[in-house]
Amino acid sequence: MAVNLVNVENVSKVYGTRALLDGVSLGVSEGDRIGVVGRNGDGKTTLIRMLAKLEEADTGRITHSGGLHLGVLTQHDSLDPTATVRHEVIRDMADHEWAGNAKIRDVLTGLFGGLDLPGFPQGLDTVIGPLSGGERRRIALAKLLIEEQDLIVLDEPTNHLDVEGISWLAGHLRERRSALVCVTHDRWFLDQVCTRMWDVQKGSVYEYEGGYSDYVFARAERERIAATEEVKRQNLVRKELAWLRRGAPARTSKPRFRVEAANELIADVPPPRDTSELMKFASTRLGKTVFDLENVTVQAGPKVLLKHLTWQLGPGDRIGLVGVNGAGKTSLLRAMADAARSEGEKQPVAGRVVTGKTVKLAYLSQEVAELDPEWRVLQAVQQVRDRVDLGKGREMTAGQLCETFGFNKEKQWTPVGDLSGGERRRLQLLRLLMDEPNVLFLDEPTNDLDIETLTQLEDLLDGWPGSMIVISHDRFFIERTTDRVFALLGDGALRMLPRGIDEYLERRHAMEEAAAAASPVAAKATASASEKTVSAADARAAKKELQKIERQLDKLSQRETKLHAQIADNATDFAKVAELDAELRALAGEKDELEMRWLELAEDA
């Protein structure tokens with residue numbers, strides 16, 4: 001019989017005049033993997049903070065079993081800003097000790113992409129203070145996962161992780177023996193990891209067996225029987241249930257209630273969207289040309305991200321864009337948006353972006369646009385438009401769309417300055433849609449949104465007739481709202497993936513295995529202390545020279561690109577072409593020497 005680790009008995013918590021939790025009783029046992037869902041502000045974080053005894057309950061009692069070893073990841077880390085990553089994560093372990101520990105190697109590789117922490121200026125010796133919030137959060141997660149616990153409590157662990165990182169974390173947590181309580185809005189992650197769900201609603205917590213898909217089925221059945229929820233909410237649940245049953249039946253291997261009841265419930269629910277009908281309607285709004293990219297090169301500062309890209313976004317295309325961090329996803333959207341806004345005058349460093357004459361673009365960036373903090377929510381929306389045409393005869397007022405996005409009548413009169421980060425994100429997206437665009441660029445639209453708001457957004461986008469590119473680490477959202485997936489794998493090219501994100505993860509895994517097999521650094525990291533032949537000081541010196549050589553190679557690549565462009569521009573001037581060609585050959589020789597030196601240093605580093 002499983003040992004009980006935490007007991008929550010008749011717990012209540014009140015903020016101001018609002019009861020976040022009212023008489024809640026729960027338990028966590030050995031082997032439990034519990035996902036916590038609910039609307040933003042309904043008390044998910046408060047519940048797990050009280051569970052971990054980081055916050056006191058107003059009434060009731062929370063007890064831990066004797067000797068409970070508890071690990072907690074909160075939304076604000078407690079890392080020492082003056083310490084290095086090495087000191088916080090692996091403490092004072094010698095290199096040969098931690099490098100010989102398979103668990104530590106797995107965590108560092110899974111969360112950072114390599115044992116040398118690529119992307120951090122000094123690797124493990126990087127000082128934490130200047131790092132971004134996302135980088136600090138990954139360090140805090142690595143520190144937690146390297147240790148052994150009886151119970152892990154995680155608050156939004158997938159924030160700031162890419163698709164690969166989320167996939168790795170799901171696999172890692174499945175293999176751990178620790179019990180788990182996790183707040184996240186990533187539905188794919190919940191399905192992969194959790195065996196029970198807690199749904200926090202209006203002061204109560206409802207318990208369900210199974211992962212997210214099972215939870216959706218059971219919740220829909222409960223609401224059908226009880227018939228207490230309003231029609232709009234019921235329809236949203238039924239539509240998501242239809243998506244889960246029809247689109248991906250393998251998501252739930254063990255439904256824990258009558259499947260016949262679920263099938264009966266969705267018998268009259270149409271598919272999420274009529275793709276051919278939407279494509280036809282989008283063509284009438286957009287014409288034949290939306291975005292045509294011809295031999296485009298995209299750069300971020302001196303770094304070349306995409307080379308010689310020829311690609312087309314057509315009317316009605318719904319594209320999911322995934323890729324490693326820093327591969328150029330956001331830079332590609334910005335280059336296309338700049339060309340559209342400048343009516344073709346602002347172009348990439350090389351190549352051309354052609355924008356259709358009827359394109360009306362709305363671009364949701366990762367930065368939340370600043371609004372007048374004195375405005376009310378409804379006023380901020382009405383500043384754009386009072387009504388919006390959703391196509392196919394559907395129309396909504398500003399107030400109705402506000403309600404769809406979780407701003408009830410009372411909330412619509414809240415000053416913008418009083419909104420949370422997630423609420424501002426919702427308002428930003430709402431204002432974009434009110435402007436009736438026919439092309440949407442959405443860069444991480446799911447940030448700070450709770451699951452219920454995500455399902456409402458997906459429902460709205462189902463019938464939206466236009467072209468769309470979505471960048472997201474939320475696998476469920478991409479699969480739900482787009483029809484095709486393209487990937488940036490960090491090699492300067494854009495590839496279509498017929499099998500979607502599964503294919504992306506397979507390709508990335510194959511690339512990592514090939515790099516590990518070819519890299520003497522990886523082989524060196526797993527060697528025992530007796531096999532070490534290079535001192536730590538020599539290794540650090542080699543690493544610094546490696547970084548210097550990599551910067552030189554980047555500069556040479558940029559010069560090489562410019563020379564190719566100059567040769568093309570002076571194709572009829574044979575003397576000039578000969579001069580440029582000689583410079584190009586000299587450049588190639590210099591690159592070969594630097595690459596050979598890089599390979600020699602890699603062994604020492």
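These are my notebook entries on a predicted model of one protein chain.

**Ground rules.** I number residues from 1 along each chain as its sequence is written, and I keep in mind that in this predicted model local features need pLDDT of at least 70, side-chain atom pairs count only at pLDDT 80 or more, and totals for chains, interfaces and linings use all residues. Side-chain values use heavy atoms, with hydrogens and water left out.

**The chain as a whole.** I looked up the secondary structure and found 21 helices and 20 strands in the chain; helices (H or I, at least four residues) and strands (E, at least two) are DSSP runs, numbered from the N terminus. Of the 605 residues, 50% are buried, where buried means under 20% relative accessible area, exposed over 50% and partly exposed in between, with a 1.4 Å probe and protein chains only. I also noted that, among contacts (heavy atoms within 4.5 Å) between residues at least 6 apart in sequence, 69% join residues at least 24 apart.

**Helices α4 and α5.** I looked up how α4 (residues 102–112) meets α5 (residues 133–146), and their axes come within 10 Å and cross at roughly 160°. The axes are lines fitted to C-alpha atoms, for helices over the stretch in contact, and angles run from 0 to 180 degrees between N-to-C directions. The two helices are therefore roughly antiparallel to each other, the term for angles over 145 degrees. On the α4 side I listed Lys 103, Ile 104, Val 107, Leu 111 and Phe 112 as making the contact, and on the α5 side Arg 138, Ile 139, Leu 141, Ala 142, Leu 145 and Ile 146. Sorted by class, this contact has nine nonpolar, no polar and two charged residues; Ala, Val, Leu, Ile, Met, Phe, Trp, Tyr, Cys and Pro count as nonpolar, Asp, Glu, Lys and Arg as charged, and the others, Gly among them, as polar.

**The six-stranded sheet.** I then followed α5 to the strands, where α5 lies across β5 and β6 and runs at about 170° to β5. These strands belong to an open sheet of six, in the order β5-β6-β7-β3-β8-β9 and with mixed pairing; two strands pair if DSSP finds at least two bridges between them. The edge strands, each pairing on one side only, are β5 and β9 (204–209). Strand β5 (residues 70–73) pairs with β6 (residues 151–155) in the parallel sense over four bridges; Gly 71 stands opposite Ile 152, and Leu 73 has Leu 154 as its bridge partner. Gly 71 and Leu 73 form the covered face of β5, whereas Leu 70 and Val 72 form the uncovered one.

**Two lysines with positive phi.** Most residues other than glycine have a negative phi, and I therefore looked for departures from this. Lys 53, in the loop between α1 (44–51) and β4 (59–64), has a positive phi of about 60° and is partly exposed, with a relative accessible area of 48%. Lys 202, in the loop between β8 (196–201) and β9, has a positive phi of about 50° and is exposed at 73%.

**Strand β10 and its partners.** Seven bridges join β10 (residues 291–300) to the antiparallel β11 (residues 303–313), with Phe 291 partnered by Leu 313. The two strands form a hairpin with two residues between them, and Gly 301 in the turn has a positive phi of about 65°. I also found β10 joined antiparallel to β13 (residues 350–355) by five bridges, where Thr 297 has Ala 350 as its bridge partner.

Methods. Parallel < 35°, antiparallel > 145°, perpendicular 65-115°, else oblique.
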